[in-house]
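Please find below some notes for reading this model alongside its sequence.

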Amino acid sequence: MSKTSLHWLALALLPAAAFADPVTSWIFDPVTPVAQEVRDTFNIMLGLTLPFLLLPQVLLVYAIWKFNAKRGHKPATFHDNLKLEILWTVIPVLTLIAISIPAYSTLKKIEVPPKSDLVVEVIGHQFFWEYRLPRYDIGYANEPLVVPADKVITLNLTSVDVIHSWWVPSFGVKQDANPGRITHAWFKAPKGKYKGQCAELCGPLHGEMWIDVEVVSDAEFDAWLEAKKTGTSGTPDADGTHSAMIPSIIESEVVNG
């Protein structure tokens with residue numbers, strides 16, 4: 001496709017983008033404690049590192065103007081300045097130390113979840129997500145993940161084929177699902193509907209591997225559980241079986257914080 005055609009295609013898609021669901025992310029709409037912590041850490045890091053980005057540009061423009069040969073200035077004759085070199089070594093070191101403190105705190109908060117209210121097994125497939133709730137003996141696929149609001153939800157993630165990545169920007173959660181391994185993530189979100197997507201290139205239909213999370217009230221969650229249990233014994237999986245009948249492959253994993 002020519003470059004001109006791509007430009008026209010982009011213009012044609014603009015109206016669709018305008019009416020599409022609003023993009024949510026940890027930086028504009030953090031809805032979980034983890035997302036809020038990530039944004040706060042990002043702001044601290046941005047504030048501490050931005051001078052290192054801007055100051056050289058300002059000095060470069062000043063030097064170009066001040067020492068322009070047309071203005072009659074001659075090149076400097078010295079080639080080092082020990083005090084200056086110590087200064088621009090110590091300042092970045094102190095900045096990195098200052099950044100490491102909130103960064104370590106944020107990483108610890110991400111890696112060590114509080115006591116779980118609900119454990120969900122998340123299993124990546126090409127190209128859909130399967131969810132299992134071992135406590136309620138419920139499993140399903142190709143449907144939104146439904147969880148109660150304001151509860152600590154722990155995710156135990158794995159994959160049956162290739163590496164996937166469960167990413168919901170508003171939650172500040174992006175965790176790989178690796179074949180043969182179990183990884184963990186957690187979130188605590190208010191009531192609402194949230195969107196995400198597989199963030200690891202996993203095959204030709206990777207772009208359609210969406211994630212939908214519905215965070216509901218306790219009463220709505222109980223009603224959803226009842227419907228799942230008394231319905232047709234769970235939503236059929238892609239292969240026609242019912243996940244609720246499949247033994248948990250990670251049932252021994254219990255995360256209590």
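1. Phe127 sits in the loop between strand E1 (118–125) and strand E2 (128–133); strands (E, at least two residues) and helices (H or I, at least four) are DSSP runs numbered from the N terminus. The peptide bond from Gln126 to Phe127 is cis, with omega near 10°.

2. The model is predicted: local features need pLDDT of at least 70 and side-chain atom pairs pLDDT 80 or more, while totals for chains, interfaces and linings use all residues. Residues are numbered from 1 along each chain as its sequence is written, and side-chain values use heavy atoms, without hydrogens and water.

3. Asn142, in the loop between strand E3 (138–141) and strand E4 (145–148), has a positive phi near 60° although it is not a glycine. Asn142 counts as exposed because its relative accessibility is 59% (exposed is over 50%, buried under 20%, partly exposed in between; 1.4 Å probe, protein chains only).

4. Helix H3 (residues 82–111) has 30 residues and should span 44 Å at 1.5 Å a residue; its end C-alpha atoms are 43 Å apart, which agrees. The expected span is 1.5 Å times one less than the number of residues. The buried residues of H3 are Thr95, Ile99, Pro102 and Thr106, and their cover includes helix H2 (33–66) (contact means heavy atoms within 4.5 Å).

5. The chain averages a pLDDT (the predictor's confidence in each residue, from 0 to 100) of 83, and 79% of the residues score at least 70. Over residues 233–257 the pLDDT is below 50. Where pLDDT is low, the predicted coordinates should not be read in detail.
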